[in-house]
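Here is a short note for someone opening this structure for the first time. Please read the points with the model on screen.

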Amino acid sequence: MKLTKLLTSAAMALGLATSAFAADKTKVGFVFVGPVGDGGWTYEHNQGRLAVEEAFGDKVETVYVENVAEGPDSERVMTQMALEGADLIFTTSFGYMDPTINVAKKFPNVRFEHATGYKTAPNVSTYSARFYEGRAVQGTIAGHMTESNIVGYIGSFPIPEVVRGINSAYIHAKKVNPDVQFKIVWAFTWFDPAKEADAAKVLIEQGADVILQHTDSTAPQAAAQAAGNVITFGQASDMSEYGPTPRVSSIIDDWAPYYVARTQAVMDGSWESAMTWDGIGAGMVGIGEISDAVPADVKEAALAMKASLADGSYHAFTGPVNKQDGSAWLADGETADDGTLAGMNFFVEGIEGDIPQ
Amino acid sequence: MDLSAINPVLLIASLMVAATPILLAAIGELVVEKSGVLNLGVEGMMIIGAVSGFAIAVETGSPWLGFLASAAAGAVFSLLFVLLTQVAQANQVASGLALTLSGLGLSALLGQSYVGIRPPQMGKLDIPLLSDLPVVGPILFGHDPILYLGIALTAGVWALLKYSRAGLVLRAVGENHDAAHALGYKVVRIRILAIMFGGACAGLGGAYISLIRVPQWTEGMTAGVGWIALALVVFASWKPWRALLGGYLFGGVTVVQLNLQAAGVAIPVEYLAMSPYVITIVVLVILSADKSSAPAALGRNFHASR
């Protein structure tokens, strides 16, 4: 009898302890598409995770799983995280969109945040950065800097996110250099250094002297460096170890403030489903230091572009812009609305090639 | 469409580079499988080779030492597989998978301080006159030494398996280990040597990616090349020259499809992207229509008492 009582009270104490423990700590989960050491996309998301840990210290516990394939396997990972008591889960790649929605249905009390997608639910928010604003700055530099007038672009997957970037870079390169031509290669991967390096080499062999990449590793930077006389831009992360050439500037994703704010919201109970889409102005998109390899006047033009995007006086998609088939899209002075941008599935006039469907 | 933008000489030269890691790993695995062992850990041994080759090359400043270290590391890492399958008699498929998984994890750990560093460059072979020849020069005489090592290994393995007594013994062990044992050959010892050779080759292949083809260290950078090498061995019917052909075909179609994309050829990109796999499989399946089949003892464990 005594033993039973002892056991019961022990179990109760344990139960109390666990629940008290759980109430104290907010558990935040992160699902990553690549390794945290990729030097690009996933690296920056992990920096955001570390910022959350630093901001809240003992009050928060973070867990992450890296190299999660987009598709059914990600659903398993998210389910596991939710079962283990995560309060908030960030799913950080476009391909996690439907899995996130599916898992969110099963766990109405867990909050989900999906990066770069467009589907929300009462417990699913989306967040993304207006990378295309950074692409406008890159396009400006690329248009000025290219001597062969061929700009190579390594695309990952033909999704609106990537198409927007290509369009924005092209429009602004064309603006300063009417003869510019874009060669686009679709790698169909976010992270495969060997393939990205091959793609960069092929583009360079075909005459490109500027390489823009929308894949996550630094391999194209290394390929450009080996080729010499080719410039590149850091993608997602600064990649400054490849400066001053070939890397002349970069787009830096800064997720830390957002992650900290959303974790705070969960702690306060003020979390609500939202669609966040911030750009250079809000600091979610950073432009890495423009290196000395860029002439002063070009650098000035790029910084002016950055400033006008930041204060909102200029929109990266301002008419007149036609679609690839020549039909009108934006009239003179008209700017693109977010709905069209979010689902962008067409090239603008002047870009050659089709978007794989 | 602008096919003139594709330079066939550069194309062939770069397809040879793209094919070399696959070829190196496939040749090693071919020897392993010829001895009757199925080691699915190629990917793991490659990435271990990639990271240790990179680390040693950076620390010593010599890519040669890097490659040497990568081969040694691949061979040492394969000893884990030896321990599991040859000593503890564990299942080969499971042990191979374990090798891949632990290799990926271990390499990520080892490589943490090497992200974003540039390795020392290995000079290209530069033979006066020959390397300057117009078309032949860049294709045949303008590569790094390891690429030639890959071809030499293929020839060496082919000659060894076909003409030498050692090759005969290796094949005997792979076809019927009980008979080989009865004849007095040390089955386990021969298999251990074969596995270590396979590990060394895979390590070299991995280092080729991290030191020459990319060249940098990133976690998980082999990205499935080891699995392609494994499949290649099967489709090549365990024949070295066919493995070379398959490797070059795969590397070739990979590079060609990127070239076609960049040149704006109007073939849907999805077909281009899958073409390396499809074409390699089709060609090798057609080639393997002859009677050659897998080593009879492939994947079966041997213990002298049974």
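1. Start with helix α5 (residues 131-145) of chain A and helix α10 (residues 296-310) of chain A. Their axes lie 9 Å apart and pack at an angle of about 160°. Axes here are lines fitted to C-alpha atoms, for helices over the stretch in contact, and angles run from 0 to 180 degrees between N-to-C directions. So α5(A) is roughly antiparallel to α10(A) (an angle over 145 degrees). Their crossing is right-handed, meaning that the near helix is turned clockwise from the far one by less than a right angle.

2. This is a predicted model: local features need pLDDT of at least 70, side-chain atom pairs count only at pLDDT 80 or more, and totals for chains, interfaces and linings use all residues. Residues are numbered from 1 along each chain as its sequence is written, while chains are lettered from A and ligands numbered from 1 in the order in which they are written.

3. Which residues of α5(A) and α10(A) make the contact? From α5(A) come Glu133(A), Ala136(A), Val137(A), Thr140(A), Ile141(A), His144(A) and Met145(A). From α10(A) come Val298(A), Ala301(A), Ala302(A), Met305(A), Lys306(A) and Leu309(A). Contact means C-beta atoms, placed from the backbone, within 7 Å. By class, nine of these residues are nonpolar, two polar and two charged. Ala, Val, Leu, Ile, Met, Phe, Trp, Tyr, Cys and Pro count as nonpolar, Asp, Glu, Lys and Arg as charged, and the others, Gly among them, as polar.

4. Chain B has a helix pair too. The axes of α2 (residues 42-60) and α4 (residues 92-110) of chain B come within 7 Å and cross at roughly 20°. That makes α2(B) roughly parallel to α4(B) (an angle under 35 degrees). The crossing is left-handed, with the near helix turned anticlockwise. The contact of α2(B) with α4(B) holds 11 nonpolar, five polar and one charged residue.

5. Look next at α2(A). Buried residues include Trp41(A), Tyr43(A), Arg49(A) and Val52(A); buried means 20 or more other C-beta atoms within 10 Å of a residue's own. Their cover includes β1 (26-31), β2 (60-65), β10 (247-253) and α9 (256-268) of chain A. Just after α2(A), Gly57(A) takes a positive phi of about 55°.

6. Finally, the two chains meet. In this interface, 33 residues of chain B contact 29 residues of chain A. On the chain B side, α11(B) gives the largest share, six residues. That side divides into 19 nonpolar, 11 polar and three charged residues.

Key. Contact = placed C-beta atoms within 7 Å. Helix = DSSP H or I, 4+ residues; strand = E, 2+ residues; numbered from the N terminus. Buried ≥ 20, exposed ≤ 12 C-beta atoms within 10 Å, placed from the backbone. Parallel < 35°, antiparallel > 145°, perpendicular 65-115°, else oblique.
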